[in-house]
Amino acid sequence: MTSFEHYFDALKKALDRNDVFDVWPDFEPQYNEQEYIWSNIHGLGEVLLLNCAQCDGPSDLRHNRCKECVENRGQTAIDAYQKVTGQIKQKWETFILCRIHSE
């Protein structure tokens, strides 16, 4: 378990409500669907980086909203990849979920 998972598990125990959520509480996604880039990283090959931006989600594919987001944005990136490179991309082997902040 990550430190956040321990925190939310302790919160459920403190509230005496094990039924409120599975691993992570629910959240409202907040991100720009077009903020992604693919790159070739040594040892990993082609990876898809997704900017989760201001999203309060856990960046964890065990959460249904994160999984759905990654699947949808991954498909959008596959379509763009094929359009730009002319090569067919079946799927991304590696996703990197990140939050990029700038001033």
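Which residue in β3 is the bridge partner of Asn 51? The views below pick this up, starting with the hairpin.

This is a predicted model, in which local features need pLDDT of at least 70 and side-chain atom pairs pLDDT 80 or more, while totals for chains, interfaces and linings use all residues. Residues are numbered from 1 along each chain as its sequence is written, and side-chain values use heavy atoms, without hydrogens and water.

View 1. Strands β1 (residues 36–41) and β2 (residues 45–51) run antiparallel, paired over 6 bridges. Strands here are DSSP E runs of at least two residues, and helices H or I runs of at least four, numbered from the N terminus; two strands pair if DSSP finds at least two bridges between them. Look for Tyr 36 with its bridge partner Leu 50 in β2. Between the strands sit 3 residues, and Gly 43 in this hairpin has a positive phi near 90 degrees.

**View 2. β2 meets β3.** Here β2 pairs with β3 (residues 94–98) in the parallel sense, over 5 bridges. As for the opening question, the partner of Asn 51 is Cys 98.

**View 3. The cavity.** Searching the whole structure turns up 1 cavity of 30 Å³ or more (on a 1 Å grid over the protein atoms alone, a set of points where a 1.4 Å probe fits but cannot get out; lining residues have an atom within 4 Å of a point). Of the 14 residues lining the largest cavity, Tyr 31, Cys 52, Cys 55, Cys 66 and Cys 69 are the closest to its centre. Helix α2 supplies the largest share of that lining, 5 residues.

Terms used:
On a 1 Å grid over the protein atoms alone, a cavity is a set of points where a 1.4 Å probe fits but cannot get out, and a pocket is an open set with protein on both sides within 12 Å along at least five of seven lines; lining residues have an atom within 4 Å of a point. Grid points are joined across faces, edges and corners, and a volume is the space filled by probe spheres set on the points.
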